[in-house]
Number of protein chains: 2
Amino acid sequence: MSVCEKYFPQEPKQPEVKTSSFPGPKSAEEIKSLGKVFDTRPAYFIADYEKSNGNYIADVDGNVFLDVYAQIASIPLGYNNPALIETAKSDKMIRAIVDRPALGNFPGKDSQEIIEDLLKIAPKGQNQIWSGLSGADANELAFKAAFMWYQGQKRQASAFTNEENESVMKNEAPGSPELAILSFQRAFHGRLFASASTTCSKPVHKLDLPAFKWPKAEFPSYKYPLDKYEAENKKEDERCLKIVDDIYTNWSVPIAALLIEPIQSEGGDNHASAEFFQGLRDITLKHGSLLIIDEVQTGVGATGSFWAHEHFNITPAPDMVTFSKKFQSAGYYFHDPKIVPNIAYRQFNTWCGDPARMILAGSIGQEIVKNDLVANAAKVGGYLYEKLEKLADKYPKYIKDLRGKNRATFIAWSFEEGATRNKFLADMKTVGINIGGCAEDSVRLRPTLVFEEKHADILVAGIEKILSGY
Amino acid sequence: MSVCEKYFPQEPKQPEVKTSSFPGPKSAEEIKSLGKVFDTRPAYFIADYEKSNGNYIADVDGNVFLDVYAQIASIPLGYNNPALIETAKSDKMIRAIVDRPALGNFPGKDSQEIIEDLLKIAPKGQNQIWSGLSGADANELAFKAAFMWYQGQKRQASAFTNEENESVMKNEAPGSPELAILSFQRAFHGRLFASASTTCSKPVHKLDLPAFKWPKAEFPSYKYPLDKYEAENKKEDERCLKIVDDIYTNWSVPIAALLIEPIQSEGGDNHASAEFFQGLRDITLKHGSLLIIDEVQTGVGATGSFWAHEHFNITPAPDMVTFSKKFQSAGYYFHDPKIVPNIAYRQFNTWCGDPARMILAGSIGQEIVKNDLVANAAKVGGYLYEKLEKLADKYPKYIKDLRGKNRATFIAWSFEEGATRNKFLADMKTVGINIGGCAEDSVRLRPTLVFEEKHADILVAGIEKILSGY
């Protein structure tokens with residue numbers, strides 16, 4: 001019996017499509033009603049989470065979709081996973097819900113266990129943690145640590161000057177210094193103000209928001225298939241690394257850290273080589289800057305290793321690795337004690353994370369390890385990739401630049417035209433599949449880690465059914 | 001039987017002090033051990049939440065403290081409140097934990113009920129909500145709405161220009177405009193980058209962080225007792241209002257919103273009059289700017305009204321009211337549909353809040369209303385304030401500028417010297433009381449809403465015992 005069958009004996013055998021429009025009439029009505037008090041314009045449909053099971057999400061119209069979008073890549077083990085339900089019912093969880101601690105001031109007697117459970121599945125080389133609440137929050141907490149580290153190096157053991165203490169209260173240098181985080185074009189790192197200043201995938205994410213004038217380098221744009229264009233893509237790596245190095249040398253303010261996704265997800269599932277990432281590591285070391293890897297979307301198994309950057313074997317290990325989404329909890333891992341600010345209360349806030357979500361993350365990690373779900377994702381992803389390669393030969397206008405070989409189920413492809421991609425995403429609902437896009441012209445697959453070959457077959461049949469009608 | 005007795009038949013009758021140092025030996029050992037993986041330098045002790053009950057927090061050394069700090073003002077109904085435990089065990093909560101939705105894209109069939117429960121106790125005049133994850137997050141989400149509204153007014157129905165779409169990707173104007181949020185000296189609004197740019201209470205909160213160069217006005221500094229210095233304090237209001245008006249007129253970039261706490265909490269429990277707040281409202285209207293009230297610490301009953309700014313009867317109602325802490329959930333309330341950005345996906349992120357915490361907030365609100373706990377806080381606060389007034393006569397060096405008359409249990413006072421204040425906070429542990437400070441020289445009381453006269457008696461006796469030794 002497969003892991004998925006063990007978890008979900010009641011999982012539907014296939015999608016059920018009950019309505020001819022999406023959202024269906026009941027969803028549409030409830031979206032309108034909820035819209036009076038909450039912004040529902042982005043709502044796809046009103047989900048019935050009670051009836052959702054495993055890889056299938058149900059809506060209030062009775063539709064049951066195979067879900068390969070999974071709450072924007074944020075459901076690790078399927079809907080209503082029984083192991084997580086057990087965790088949710090535990091006394092530990094109930095206390096974390098009811099007696100939420102200010103974790104920095106009043107950690108509980110179970111805090112160490114909770115944090116160590118998160119460290120059991122930490123990226124190689126990382127042995128400490130700072131906890132937050134969302135991907136954007138995790139990244140901004142990492143920026144704070146980076147800026148404090150950067151200034152601390154110059155300050156060494158000396159205290160803050162009066163001038164620093166006074167100027168910071170006016171948001172002026174030297175207390176509020178001019179420093180930057182370097183990120184990449186097409187990157188997505190969140191939508192708060194500092195994180196939005198590093199995000200560069202779509203204008204809608206940040207129009208009208210004041211921004212820090214932080215630089216953007218170019219992320220490699222590879223030609224596909226990769227094995228055919230090895231030499232060209234190597235040149236592209238070199239070109240992009242040179243841009244990064246030049247920005248470090250020439251940018252008007254010092255760069256405390258470089259921030260990058262192992263695979264640019266929101267921005268189009270853009271991949272880069274291990275050599276490119278090692279090149280970045282070398283450049284950050286050369287310029288005395290930190291390397292922050294944003295694993296918010298790529299982390300927790302879906303690429304065939306627990307953390308996507310582990311595919312690259314970056315040496316020395318990144319300085320910080322941020323996480324959220326499928327981990328349900330958020331924060332950053334690190335290993336160098338120097339990343340801890342010199343005095344208490346600098347990296348601090350009321351809650352310092354949410355133990356309820358951290359407890360869930362611990363269970364998610366444990367289930368993944370126990371059931372070897374990273375290997376499952378790799379196996380199923382390989383199976384799926386091969387099927388999609390064949391479809392790509394058949395429908396080259398609609399399956400272009402297939403990406404994610406050897407990256408398990410973290411697969412994407414492009415359409416020649418954005419409008420057709422949009423139509424495709426909508427049409428897939430008619431064959432009972434909930435699927436998401438990225439960038440302006442791409443489709444991204446983000447199924448759970450209990451997605452199996454039988455689900456892949458349904459997905460591929462659904463894709464072919466739609467594409468054959470174009 | 002009192003509400004507290006009904007909730008907590010097992011609540012301790014008085015504190016128990018088992019150790020001679022704080023943290024006790026067992027706490028100290030566990031803080032050191034946890035410190036290997038997590039920054040525990042700010043930890044007071046290791047709490048035993050299982051043994052904590054009602055107004056009492058237990059630690060792993062067997063100490064049981066009367067808690068008038070309550071997780072930095074974030075425990076509304078006492079530790080292990082049975083009504084909240086019920087909520088934590090409900091199927092609705094378990095689903096929210098296990099099947100956390102991307103609430104903007106895939107709201108659930110219970111989302112409307114969850115959000116309407118939050119609206120049942122919304123500030124007067126507010127009937128919509130946007131949900132976030134922490135106080136800092138709530139404020140930054142409100143800033144985003146304010147900036148989008150501000151630019152939208154100029155743009156009217158026209159689309160974003162190519163120049164805006166292109167410049168925003170470089171973090172440059174006009175897509176990333178130069179706009180400001182006006183806040184106050186001694187304010188605290190959070191520690192992310194934009195929120196830290198509005199925070200101005202202590203350098204440690206923001207040293208070494210790049211900041212937006214946003215202005216700070218002066219918050220009134222009243223003379224106490226208020227009834228004796230009415231004329232002086234009225235002049236102080238006028239002086240401060242003029243500063244605000246001048247900043248609006250002269251600041252180098254447009255100010256999209258004014259952000260203020262009804263009582264500056266972290267910054268010293270600084271109060272201002274209803275006239276001052278109405279003056280601010282008038283100035284924001286005059287300059288075409290929004291008014292955002294930060295109720296993160298003041299909200300949810302502790303001042304004797306559900307929301308502290310309701311004491312001022314500000315007309316028209318504030319444009320946005322942010323919340324977090326004792327509500328356990330976070331976000332902002334608003335009422336004007338124009339605060340909703342013109343197109344979908346501008347105010348958006350993966351989770352758009354946490355339904356688990358929103359469900360809890362709904363229960364908290366319901367329990368407060370059902371048990372009339374705002375009135376309870378007002379009654380007990382009045383009783384406590386009177387006792388403290390008497391102590392203030394006896395110990396004028398140590399209880400100076402007593403604040404919070406008619407503000408229920410939201411009470412504070414100053415010491416003549418910060419060092420003595422620090423010693424006092426530490427010494428209070430020896431009489432079994434966990435108590436917090438604010439600013440450099442003040443003590444703030446932040447008990448739960450089930451704090452009763454018997455607890456106030458223990459608190460006052462503890463304070464007197466310590467002060468009589470000074």
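This is a predicted model: local features need pLDDT of at least 70, side-chain atom pairs count only at pLDDT 80 or more; totals for chains, interfaces and linings use all residues.
Local features required pLDDT of at least 70 and side-chain atom pairs pLDDT 80 or more, whereas totals for chains, interfaces and linings use all residues. Residues are numbered from 1 along each chain as its sequence is written, chains are lettered from A in the order in which they are written, and side-chain values use heavy atoms, without hydrogens and water.

Over all chains, the search found 54 salt bridges (a side-chain nitrogen of Lys or Arg within 4 Å of a carboxyl oxygen of Asp or Glu). One of these joins Lys109(A) to Glu50(B) at 3.8 Å, N to O. The pair crosses between chains. Lys109(A) lies in the loop between helix 5 (91-98) and helix 6 (111-119) of chain A, and Glu50(B) in strand 1 (residues 47-53) of chain B. Lys109(A) is partly exposed at 41% relative accessible area, as is Glu50(B) at 48% (buried, under 20%; exposed, over 50%; partly exposed, in between; 1.4 Å probe, protein chains only).

Within chain A, Asp427(A) pairs with Lys423(A), with the closest N and O atoms 3.0 Å apart. Both residues lie in helix 14 (residues 418-427), four residues apart. Asp427(A) is buried at 18%; Lys423(A) is partly exposed at 45%.

In chain B, Lys454(B) forms a salt bridge with Glu5(B) at 3.4 Å between the closest N and O atoms. This pair links helix 15 (residues 453-468) with helix 1 (residues 3-7), 449 residues apart.

Terms used:
Helices (H or I, at least four residues) and strands (E, at least two) are DSSP runs, numbered from the N terminus.
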